[in-house]
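Keep the coordinates open and follow along.

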Amino acid sequence: QVQLVESGGGLVQAGGSLRLSCAASGSISSIVGMGWYRQVPGKQRESVAFITSAGTTVYVDSVKGRSTISRDNAKNTVYLQMNSLKPEDTAVYYCNARAKRGGYTNDYWGQGTQVTVSS
């Protein structure tokens with residue numbers, strides 16, 4: 001089992017910045033990657049950014065150049081730095097950890113943190 005605790009959401013004006021944090025605990029050694037997803041009411045949850053245990057990063061096109069995902073292995077924490085925020089970035093952001101053990105893959109989720117960007 002992996003537990004995830006998110007922080008850093010809030011209200012910000014367009015053009016502003018936020019940094020989301022996600023601290024993992026539990027079966028840390030089984031984690032092969034961590035990322036951030038977001039969801040708005042009535043829409044499917046979408047992947048925003050992901051970082052593998054090898055350090056490879058992937059971003060959705062809409063945040064490329066504006067966001068950076070990083071990790072601090074000593075703190076078992078992943079960050080999402082979001083700059084030049086737009087109203088369309090408004091969503092609930094969820095931290096995700098993908099873990100593999102015994103041939104099985106499991107996804108774990110945080111409780112979500114609200115990001116609201118005002119125009």
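Start with Asp61, which is exposed, because its relative accessibility of 61% lies over the 50% cut-off. The model is predicted, so keep that in mind throughout. Asp61 forms a salt bridge with Lys64. Their closest N and O atoms are 3.0 Å apart. This pair is one of five salt bridges in the structure.

Now turn to Arg38. Which residues does Arg38 pair with? One partner is Glu46, with the closest N and O atoms 2.6 Å apart. Another is Asp89, where the closest N and O atoms are 3.0 Å apart. The Arg38–Asp89 pair ties together parts that are 51 residues apart in sequence, because Arg38 lies in strand β4 (residues 31-39) and Asp89 in the loop between β8 (77-82) and β9 (91-101).

Are these residues buried or exposed? Arg38 has a relative accessible area of 7%, so it counts as buried under the 20% cut-off. Asp89 is buried too. Glu46 is partly exposed, at 31%. Side chains of opposite charge can pair when their charged atoms come close.

Salt bridges that share partners join Arg38, Glu46, Arg66 and Asp89 into one network. Arg66 sits in the loop between β6 (57-59) and β7 (67-72). Its relative accessibility is 12%, so Arg66 is buried. The side chains of Arg66 and Asp89 are joined by a polar contact of 2.8 Å. What else does Arg66 touch? Setting aside neighbours within four places in sequence, Arg66 is in contact with Gln81, Met82, Asn83, Ser84, Leu85, Lys86 and Asp89.

Next, the cysteines. A disulfide is a covalent bond between the sulfur atoms of two cysteines. How many disulfides does a search of the whole structure find? It finds one. The disulfide joins Cys22 to Cys95, with an S to S distance of 2.0 Å. This pair links distant parts of the chain, 73 residues apart. Cys22 belongs to strand β3 (residues 18-26), and Cys95 to strand β9. The torsion about the S-S bond is about -85 degrees, so the disulfide is left-handed. Cys22 is buried, at 0% relative accessibility. Cys95 is buried as well, with a relative accessible area of 0%.

Then follow the network of Arg38, Glu46, Arg66 and Asp89. End at the disulfide between Cys22 and Cys95.

How values were computed. Residues numbered from 1 in each chain as written. Predicted model: local features only at pLDDT ≥ 70, side-chain atom pairs only at ≥ 80, totals over all residues. Heavy atoms only, no water. Salt bridge = Lys/Arg side-chain N within 4 Å of Asp/Glu carboxyl O. Buried < 20%, exposed > 50% of the residue type's maximum accessible area, 1.4 Å probe, protein only. Helix = DSSP H or I, 4+ residues; strand = E, 2+ residues; numbered from the N terminus. Polar contact = N/O pair within 3.5 Å; in protein donor to acceptor, adjacent residues only side chain to side chain. Contact = heavy atoms within 4.5 Å. Disulfide = S-S within 2.5 Å.
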